[in-house]
Amino acid sequence: MSKSTTTRKNPSATVLIVGAGFAGLGAAIRLQQAGIRDIVTLERADRVGGTWRDNNYPGAACDIPSNLYSYSFDQNPDWSRSFSGSEEILGYIQAMVERFGLQKYIRFNQNVTDLAFDDELGVWHATTEAGEVFSGRAAVMAQGPLSNAGFPDIPGIEDYQGHKIHSAAWDHDYDFRGKKVGVIGTGASAIQIIPELVKEAGKLTVFQRTPAWVMPRPDFETPDWQKTLFRKVPASQSALRKGLYLAHESMALAVIWDSPVTRMAERLGRWHLKRQVKDRWLRRQLTPDYRIGCKRILVSNDYYPALQQPNCKLITWPIARLSEHGIRTVEGIEHQFDAIVFATGFDVSHSGTPFPVRGSGGRLLADDWKRGAQAYKSINVAGYPNLFLTFGPNSGPGHNSALVYMESQIDYIVKGVKTILSRNLKALAVRDRAQQEYNEAIQQRLAKTNWNSGCKSWYLTEDGFNATMYPGFASQYANQMKELDLRDYSLVTA
Amino acid sequence: MAKIDLDKMLTKVKNTQWALSDIDWEAPGADLITEEQWPKLKEFMADLMWIEHVGARAFAAMAKKAPTDTLRELYTYFHAEEQRHANAEMALMKRWGMLDGDELPEPNINLRLVIEWLDRYSDEMPVYVLGTVVPMLEIALDGALCKFLLDTVDDPVCHQAFEKINDDESRHLGVGFTVMEMQGHGATYIKMVEMAAQLMDPRLILGIASYFPLLNKMRDNVVAMGLSEEKLYECMRKFEKIGGRTEDGRRNVWFQIIKQHSRWVVDRDNRFYHAPVDAIVRLTGYIPRKALPAIPSWVRELTYKPTA
Ligand SMILES: Cc1cc2nc3c(=O)[nH]c(=O)nc-3n(C[C@H](O)[C@H](O)[C@H](O)COP(=O)(O)OP(=O)(O)OC[C@H]3O[C@@H](n4cnc5c(N)ncnc54)[C@H](O)[C@@H]3O)c2cc1C
């Protein structure tokens, strides 16, 4: 664990949190509100924000309405639009840090490289790249599900001599005006980037592998009266939030299971495409060939129109390789570019862990997860006492705000930590049996969902195991997280 | 040709990609085309290019209907590879001064009808209909047209290009015949009747009505260039032999239908088949261009330029 002699040990805290994104910060707030103030949050970057610090490409915005994509315990009456941009969301996160005085907990530039449990002491130790060790009685892994992005493994990527930009690490100094630009990918980020880039670039070429379902996006500027109303009558904002929540819950019917609502949603998608794209071949290229909901559903009003701008072209030929000057596709043509934008998503680990996590007796989480990640209620793992996961296995929302799920997780964590403290526990360890039973039920339910209906997506492992999504309504999830059932845990007192 | 492992084939296809810029289209040798050859070669190349392009579109339709992920990906690649062949052939035409500026060679009326049909209906055809027609077309391409071209044309760049094209085609054929056998596998009487019943689909009949005259017209064109009919026969026999080498293959009703039909096409003495079809060719010649809908936009994707 501690390889170098320069390792510096810090006094043990009550809770150790890895990551200062929405999840890590939210956990700190709720712990603090519960009277637990001995918190250390380790963040590898030099600022808070996670997703919204890193993803600030042109057009970056949330695709769940801001009034729902925010914390219920810290509502913001001032959202400027229904779907706010990245900068505004980051502003909200930073303001949250101020409001709740979280700065004192955060250690920046601390990239966690190892997390290990000491059975003897009942303490987690996090070792960082900087050579420090931080400890806590409980640990929260909030390092983000989509926080690691790299250039994809396309043959010849090293050969390309032009400018390479990843959507999650935007180069704001690059001047796109008049340039020949290629965009690889047509997922959630790409469809936000393309309508912006097409305004600047001389020529924009978009490389698509799989067309996604794209829905109309009901995006409006927030009228001033509404902001005033929300400020004066916070209950009105809560009511809107509730309404949005229920509207999204109802979408589960279309997204998660194959139901008549699924057909309706597909019809809406096709209508949107037909209304915006007149050319039959282009429409064919953009028509998804998998059931809606199987992969992430996208929302946009300006993506299809952008593709049809005179300086934009969609390429659906498979990519053969990158070359010195551009991208060679299988139809034999080399498409040459000044810059290539990789909107190719994130490295999602279904089975591994982003850094070694060592539990009781030194067991490795990556080994336990070799055949697909598993947890109890997505939050605890048998063999890893006092460890809490945010966005753990099978907690992914397909139809509702990630933050709704996160709130349930965070409150569960507070309950767990309180239990450890009040009963003075060395180990709060979920039982193997409980985890197993939970997972059998989850996998049974997953088998009947659209995600497992045959399309390839980042939700699934190579052999089709779904360790990502939660097969049910957000309210069902919230319900299961309400109670910390001690019968499912073994308790070791200190 | 033994039955092949489609997953391995996909890997192989991905690992053996080439691009137009791998060929020096300005290399010496273009002047080896004789003046006498030139006008007929121009027609021949245009036909060839269009067949590849039409074949490409057929693969696109097959990709939509493919029964497995591997086949879907293979067909997606083959779609692009056929397009690459058409692009390369267009580049040869450019090299030989056969293109009118940057213009696409004008598709003849029968081609226009086939393009129109592919655009409207091919995506709805069951995969085994196109899955049998395409190998037949490819074997004709591979076995007769390309070989003939190489026998007649001395330009080394042409040989270089077709070496690559033929490598691709042999893989397409390998997959094509494997799939034909898969489809015949365990075919019960009912399934055979079902497969044959597709013949009654009016959309398919329309397709046939546009496809038969195209074949006759092309056959006339290649024969005019000096390709012996014997060569065409050889190809058809090859198709029959490979397609019918196993019980499964023979049980594929579409193989039987296409086989029979290809026999008729090459047999110019079969008045029963050719009189009406040739009549249609003549008739279609009267269709005013303006009566046809605009050329679909996928046709405009063709290019002779190695870089874009
Ligand atoms: C472009 C984009 C748009 C999205 N839009 C939506 C949306 O509209 N609705 C929705 O519900 N969800 C959306 N999401 C999902 C989004 O990721 C989550 O909603 C949420 O922001 C995740 O928060 P988090 O705190 O779990 O992770 P993050 O925000 O990723 O934060 C994790 C933090 O941990 C840090 N970290 C990582 N590893 C280490 C380490 N080893 N050591 C120390 N620190 C580490 C990171 O630097 C980061 O600051 C979107 C995601 C992306 C990428």
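Select B:Leu41 to begin. Not counting residues up to four places away in sequence, B:Leu41 touches B:Ile33, B:Trp96, B:Met98, B:Leu149, B:Val153 and B:Met225. Contact here means heavy atoms within 4.5 Å.

Before going on, note what is on screen. This is a predicted model, in which local features need pLDDT of at least 70 and side-chain atom pairs count only at pLDDT 80 or more, while totals for chains, interfaces and linings use all residues. Residues are numbered from 1 along each chain as its sequence is written, chains are lettered from A and ligands numbered from 1 in the order in which they are written, and side-chain values use heavy atoms, with hydrogens and water left out.

Buried means under 20% relative accessible area, exposed means over 50%, and partly exposed lies in between (1.4 Å probe, protein chains only).

Helices (H or I, at least four residues) and strands (E, at least two) are DSSP runs, numbered from the N terminus.

**Where the chains meet**

Show both chains. Here 23 residues of chain A are in contact with 31 residues of chain B. The area buried between them is about 2,300 Å², and carbon and sulfur atoms give 50% of that. Buried area is the accessible area (1.4 Å probe) that two parts lose on being put together, summed over both.

Pick A:Trp281, A:Arg284 and A:Trp317. In chain A these lose the most area to chain B, together 28% of what that side buries.

Now select B:Arg72 and A:Asp289. They form a salt bridge, with the closest N and O atoms 3.4 Å apart. A salt bridge is a side-chain nitrogen of Lys or Arg within 4 Å of a carboxyl oxygen of Asp or Glu. Between chain A and chain B there are five salt bridges.

Color α8 (280-286), β14 (319-322) and β16 (334-336) of chain A. Each supplies at least two residues of the side that touches chain B.

**Salt bridges inside chain A**

Over all chains, the count is 42 salt bridges. Start with A:Arg296 and A:Asp63, whose closest N and O atoms are 2.8 Å apart. This pair links distant parts of the chain, 233 residues apart. A:Arg296 lies in the loop between α8 and β12 (298-299), and A:Asp63 in the loop between α2 (51-54) and α3 (86-99). A:Arg296 is partly exposed, at 33% relative accessibility.

Move to A:Glu221 and A:Arg81. Their salt bridge has its closest N and O atoms 3.9 Å apart. Which of the two is exposed? A:Glu221 is exposed, at 61% relative accessible area, whereas A:Arg81 is partly exposed, at 30%.

Last, select A:Asp258 and A:Arg263. They form a salt bridge with the closest N and O atoms 3.0 Å apart. A:Asp258 is partly exposed at 37%, and A:Arg263 is partly exposed at 33%. Finish with A:Arg81, A:Arg217, A:Asp219 and A:Glu221, which salt bridges with shared partners join into one network.
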